[in-house]
Structures are given as structure tokens and as C-alpha cells.
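Let's take a walk through this structure, looking at how some of its side chains meet. Have the sequence and the 3D view ready.

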Amino acid sequence: MTAQPADLSTQQPETQLEDLADETLASPRPRAWARLVPLADPSAQYELVSEVVVVGRIREKGCHVTFSHPRISARHCEIRLREGEALLTDLSQNGTFVNAGKLAKESPTVIQSGDEVALLQPRSAPADLRRSSFYIFLRNDGGGGGARACSAGCACLLYTSPSPRDGLL
């Protein structure tokens with residue numbers, strides 16, 4: 001029996017071009033080291049991926065997360081990841097509060113997962129206070145090293161509905 005040449009017109013390539021394109025274009029989502037959850041709208045969650053995230057009233061002033069209230073400073077506070085710890089620094093004129101305690105201005109303070117951060121004084125009107133406060137939840141990397149930042153170019157990812165990764169933090 002003699003060998004017949006293979007019919008190349010009916011053979012399928014091992015890898016489809018569409019599959020290759022999908023793999024090439026798909027980029028992994030940056031791993032967040034913390035989640036910021038506004039009290040006024042818990043479904044709008046910000047996953048923090050950069051080592052430094054600025055919170056304030058005006059995005060054009062370099063804020064990654066904004067709250068709209070006239071007593072919130074343009075750049076109100078900064079959340080920074082340093083050596084596995086989350087540090088909150090007040091940059092404002094009116095103060096930043098953690099669990100109802102006022103932070104010292106421009107003095108980094110360690111914050112814990114579950115802390116409530118308020119950008120207005122705790123004695124403010126309840127509706128105003130709710131619209132200007134958030135919870136912070138830190139991700140533990142499981143290795144005892146605390147939280148870790150991603151090297152992504154953005155500072156945070158916003159979810160306007162419950163995050164598909166709920167339960168990871």
C-alpha cells in the first residue's frame with residue numbers, strides 16, 4: 001500500500017487565530033490591596049491597586065476618588081500602602097476622621113480593615129456625614145505580609161454594581 005498525500009484543505013490548524021487574538025488582547029485585572037466602600041452607596045466600590053490613592057472633591061486636582069460636598073477639600077486625604085500597612089494622611093483644612101477620631105494634619109496614621117473614614121466632622125448632619133464617609137477593607141495576601149499593591153498604572157477600579165470579586169477582601 002502506498003502512502004497518500006494529506007489533503008491540507010480539510011485539516012484544521014492546532015490553534016485558531018481567533019483564540020490567539022483573544023489571549024493576546026486579554027489583560028489580567030490588577031490585584032487590589034484594599035476596597036473603599038462609600039456609606040451613601042455601598043454598591044459603588046473602589047478597589048485600590050496603586051500604592052497611593054488621593055480622595056477629595058475635585059478629580060482635576062489629582063483625586064482618584066471624589067465626594068461632592070462643599071466642605072470637602074479639593075485634595076482631602078491620601079491613602080498609602082507602605083510595607084504592608086495602610087496609612088491615611090489628612091491633607092484638608094477641615095479634618096479627616098477615623099472611627100470618629102480626628103487625625104493630626106499631614107501625619108500618616110495606620111488604618112485597619114473595617115475602619116470608617118469621614119471627610120466631615122462626626123457632628124455634621126447625618127445625611128451630609130453619610131454622603132462623605134467610607135469604609136476601608138484591606139486584603140490580606142495570606143502570607144502574613146499584610147496588603148500588597150499592584151504595579152498597574154491606575155489607582156483604583158470602580159464598580160457601580162456589586163463587585164464580581166466580592167468575598168475576596
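What follows is a short tour of aromatic pairs and salt bridges.

A quick word on the ground rules: this is a predicted model, so local features need pLDDT of at least 70 and side-chain atom pairs count only at pLDDT 80 or more, while totals for chains, interfaces and linings use all residues. Residues are numbered from 1 along each chain as its sequence is written, and side-chain values use heavy atoms, with hydrogens and water left out.

Let's start with the rings. Rings of Phe, Tyr and Trp (its six-membered ring) pair if their centres lie within 6.5 Å; planes under 30 degrees apart count as stacked, over 60 as edge-to-face and the rest as tilted. The structure has 2 aromatic pairs. In one of them, Phe 67 and Phe 134 are stacked, because their planes sit at 20°, with the ring centres 5.9 Å apart. This pair ties together distant parts of the chain, 67 residues apart: Phe 67 is in the loop between β4 (65-66) and β5 (77-82), and Phe 134 is in strand β11 (residues 133-138). Helices (H or I, at least four residues) and strands (E, at least two) are DSSP runs, numbered from the N terminus.

Are Phe 67 and Phe 134 buried or exposed? Both are buried, meaning under 20% relative accessible area, where exposed is over 50% and partly exposed is in between (1.4 Å probe, protein chains only).

Then there's Tyr 135 with Phe 137, a tilted pair at 6.2 Å centre to centre and 40° between the planes. Tyr 135 has 30% relative accessibility, so it counts as partly exposed, and Phe 137, at 32%, counts as partly exposed too.

Now for the charged side chains. A salt bridge is a side-chain nitrogen of Lys or Arg within 4 Å of a carboxyl oxygen of Asp or Glu, and there are 3 of them here. Glu 47 and Arg 35 meet at 2.7 Å, N to O. They link distant parts of the chain, with Glu 47 in strand β2 (residues 45-48) and Arg 35 in strand β1 (residues 34-38), 12 residues apart. Both are buried.

Arg 80 and Glu 78 form another salt bridge, at 3.1 Å, N to O. Here Arg 80 is partly exposed at 31% relative accessibility, whereas Glu 78 is buried at 14%.

Finally, Asp 128 and Arg 131 meet in a salt bridge at 3.4 Å, N to O. Both lie in helix α2 (residues 126-131), 3 residues apart, which is about one turn of the helix. Arg 131 counts as partly exposed, at 43% relative accessibility.
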